[in-house]
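Dear colleague,

I am handing over the structure below, and after it I set out what was found in it. Please read the notes with the structure open beside them.

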Amino acid sequence: MSTLSVETSCDVTRLPLGRPDFSDIRQHGDVYVDKTALIYGLARLRVPLFLSRPRRFGKSLLVSTLQSLFAGKLEDFQGLAIDGHWQDTSYRVVRIDFSGLADLNVKEINRELGEILLQNFGVYGKISALDEKGEYRLPSSLLREIANSLQNSSTVLLIDEYDAPLTHHLDKTDELQKITSIFNNFYAIVKEYTSKFRFIFITGVTRIAHVSIFSAFNNLRDMSFENKYNTLLGFTQDDIRCYFDQYIDNAAQVLGMSKDAVYTRLEQCYDGYQVAFDSDKTLYNPWSILSFLQKNT
């Protein structure tokens, strides 16, 4: 005979595991580790930015947060560090998640990326995806035409998981070279029309120094190892004690351990990421912590 689990003071549904939508998290009152003081400094920059982090580290949530900020959804930021400080206007925000292109071949990437550009820039039906022969145009060709129609500093471009289509084809040399060429040309156009964008932000797992597709994008600032943004993603020990202490207390009861013992074991198992060489702050992987807390309630 099945029974209901015992009620606890911890609402596990407030743990946003696998839910990288900032507006959704805020509107449902879920736990959000406030990174907006750092995001405020980041978003004020006017140079193209790149950030690499391991998988499951919160890159998509950061992109979603930037999307809400630049779209002017300031109600989502009430009570956070940035509240009352952000004075910029609202922008058209174009967000592209390249993880959806990972399984596609060269022809499919050409077609799907072109469709994404037309849809996300709001020019579907105004600019043709096909050339005079009825074949799908290259994404770089479409992007050039789209960019020519934009006002200066009118648009925010957010690209998540830029390297997904590349890493998926590492074992297929010929296919990889063709895919690399597509994106090399794509980013060359982004660089050529940088003035059209108020903000450009790109995330991925692999660093740009090892990827030739950014060879023409030489004004892209790689902030991956900058000490100032070391804690932009991931949880610090202070974050966990501030935002998840009641969940840790509950886990201690479930496991029959003291709270201090749980903190010690978490540090032994999940702490130790350090992305800035000169930082004294180490980081926990958010996915690991949220998974542990969700399972031990």
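Both faces of strand β3 are covered in this predicted model: T155, L157 and I159 are buried on one side, and V156, L158 and D160 are buried on the other. Since six of the six residues of β3, which spans residues 155-160, are buried, the strand is largely enclosed by the rest of the structure.

The neighbours of β3 in the sheet come next. On one hand there is strand β2 (residues 92-97), which pairs with β3 in the parallel sense over six bridges; within that pairing I96 stands opposite I159 of β3, and D97 stands opposite D160 of β3. On the other hand there is strand β4 (residues 197-204), which also pairs with β3 in the parallel sense, here over five bridges, and in which F199 is the bridge partner of V156. In general, the strands of a sheet pair through backbone hydrogen bonds, and the pairing is either parallel or antiparallel. The sheet as a whole is open and is formed by five strands in the order β2-β3-β4-β1-β5, with parallel pairing. Its edge strands are β2 and β5 (221-222), each of which pairs on one side only.

On the α5 side the contact involves P139, S140, L143 and R144, which meet I182, N185, F186, I189, V190 and E192 in α7.

Another pair is helix α9 (residues 245-255) and α10, whose axes also come within 8 Å but cross at roughly 105 degrees, an angle that makes α9 roughly perpendicular to α10. The residues in contact are D245, I248, D249 and A252 of α9 and K259, V262, Y263 and L266 of α10.

Helix α10 (residues 259-270) packs in turn against helix α11 (residues 286-295), at an angle of about 140 degrees and with the axes 11 Å apart, which makes α10 oblique to α11. Here V262, L266 and Y270 of α10 make the contact with S288, I289 and F292 of α11, and α10 passes α11 in a right-handed crossing. If you compare the two contact lists for α10, you will find V262 and L266 in the one with α9 and again in the one with α11.

A residue to look at within α7 is T180, which has its place in that helix. Is T180 buried or exposed? At 17% relative accessibility, T180 counts as buried. Leaving aside its neighbours within four places in sequence, T180 is in contact with L166, S212 and I213. T180 and S99 are 81 residues apart along the chain, and their C-alpha atoms are separated by 15 Å.

R56, although it is not a glycine, has a positive phi of about 60 degrees; R56 is found in the loop between β1 (49-52) and α3 (59-70), and with a relative accessible area of 52% it is exposed. S153, which is likewise not a glycine, has a positive phi of about 55 degrees; S153 has its place in the loop between α5 and β3, and with a relative accessible area of 32% it is partly exposed.

Finally, there are the cysteines to consider. How many disulfides does a search of the whole structure find? That search finds zero disulfides. Among the cysteines, C242 is exposed, with a relative accessible area of 59%, whereas C269 counts as partly exposed, at 45% relative accessibility.

With best regards

Technical notes. Residues are numbered from 1 along each chain as its sequence is written. This is a predicted model: local features need pLDDT of at least 70, side-chain atom pairs count only at pLDDT 80 or more; totals for chains, interfaces and linings use all residues. Side-chain values use heavy atoms; hydrogens and water are left out. Buried means under 20% relative accessible area, exposed over 50%, partly exposed in between (1.4 Å probe, protein chains only). Helices (H or I, at least four residues) and strands (E, at least two) are DSSP runs, numbered from the N terminus. Two strands pair if DSSP finds at least two bridges between them. A disulfide is a pair of cysteine sulfur atoms within 2.5 Å. Contact means heavy atoms within 4.5 Å. Axes are lines fitted to C-alpha atoms, for helices over the stretch in contact, and angles run from 0 to 180 degrees between N-to-C directions. Angles under 35 degrees count as roughly parallel, over 145 as roughly antiparallel, 65 to 115 as roughly perpendicular and the rest as oblique. A crossing is left-handed if the near helix is turned anticlockwise from the far one by less than a right angle, and right-handed if clockwise.
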